[in-house]
Amino acid sequence: MSGNPMADEVWRAMSSLVIDNRDSWKRAVVERSGLPFSRIRVLRRVARGPMTVKQVAAAATMDAPAATVAVNDLEDRGLVVRTPEPTNRRCKVVSLTDAGREMMATIDATDDPAPAILLGLDEGELGNLQSILAKLSGE
């Protein structure tokens, strides 16, 4: 609990809406990429910028051993590379390869139409929702 019951309720509603309406997109992305969705989640996080495996684990909400397995798989597929961190050569940084960037372009190009429930909102309501989401994402 956040201490704000209304914020918690809104968060649960937003989460449910997304989770309940993403199955067809997930299936399409898995089919187009040939990757399990768990690998796509990791790839999307690494696409934001280079990070350590520990940071990948935190960003993808998985434990460090699972993140290591995922990064190893993505590295074997040529989608990411590990390089020594400049300030601590014992630490490795994971970043996308050119093939990884191409894969992200494929993932991002996968059609993800709005669910029918959003189509029931008028332009003003959609504009308000868009403004709120932009504010939440820091845009």
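This is a predicted model: local features need pLDDT of at least 70, side-chain atom pairs count only at pLDDT 80 or more; totals for chains, interfaces and linings use all residues.

Trainee: How confident is the predictor, and which element has the highest mean pLDDT?

Mentor: For the protein chain, the mean pLDDT is 92, and 99% of the residues reach 70 or more. Among the elements, helix 7 (residues 116–119) has the lowest mean, 88. The highest mean, 97, belongs to helix 6.

Trainee: Let's stay with that one, then. Where do the buried residues of helix 6 fall when seen down its axis?

Mentor: The buried residues in helix 6 are G100, M103, M104 and I107. Seen down the axis, the buried residues of helix 6 fall within an arc of 100 degrees, so they line one face of the helix.

Trainee: And which exposed residues does the face of helix 6 turned away from the buried side carry?

Mentor: Let's look at both sides. The buried residues of helix 6 pack against helix 2 (23–33), helix 3 (37–47) and strand 3. The face turned away from that buried side carries the exposed residues D98 and E102.

Trainee: What separates R101 and D98 along helix 6?

Mentor: R101 and D98 form a salt bridge, with the closest N and O atoms 2.6 Å apart. D98 is exposed at 54% relative accessible area, while R101 is partly exposed at 44%. Because R101 and D98 are three residues apart in helix 6, what separates them is about one helical turn.

Trainee: How many salt bridges does the structure hold?

Mentor: Besides the one between R101 and D98, R82 and E75 meet in a salt bridge at 3.1 Å, N to O. Both partners are partly exposed, R82 at 23% and E75 at 29%. These belong to a set whose total for the structure is six.

Trainee: Which residues do salt bridges with shared partners join into one network?

Mentor: One link is the salt bridge between the side chains of D73 and R77, at 3.1 Å, N to O. D73 is buried, with a relative accessible area of 18%, whereas R77 is partly exposed at 39%. Through shared partners, the salt bridges join R39, D73 and R77.

Trainee: Now the sheet: which strands stand at the edges?

Mentor: The open sheet has three strands in the order 1-3-2, with antiparallel pairing. Each edge strand has a single partner strand, so one side of each is left without a neighbour in the sheet; these are strand 1 (51–52) and strand 2 (80–85).

Trainee: What is the bridge partner of M51 in strand 3?

Mentor: Strand 1 and strand 3 pair in the antiparallel sense over two bridges. In strand 3, the bridge partner of M51 is V94.

Trainee: Last one: at about what angle does helix 3 run to strand 3?

Mentor: Picture helix 3 lying across strand 1, strand 2 and strand 3. Its angle to strand 3 is about 105 degrees.

Technical notes. Residues are numbered from 1 along each chain as its sequence is written. Side-chain values use heavy atoms; hydrogens and water are left out. A salt bridge is a side-chain nitrogen of Lys or Arg within 4 Å of a carboxyl oxygen of Asp or Glu. Buried means under 20% relative accessible area, exposed over 50%, partly exposed in between (1.4 Å probe, protein chains only). Helices (H or I, at least four residues) and strands (E, at least two) are DSSP runs, numbered from the N terminus. The arc is that of the directions from the helix axis to the C-beta atoms. Contact means heavy atoms within 4.5 Å. pLDDT is the predictor's confidence in each residue, from 0 to 100. Two strands pair if DSSP finds at least two bridges between them. Axes are lines fitted to C-alpha atoms, for helices over the stretch in contact, and angles run from 0 to 180 degrees between N-to-C directions.
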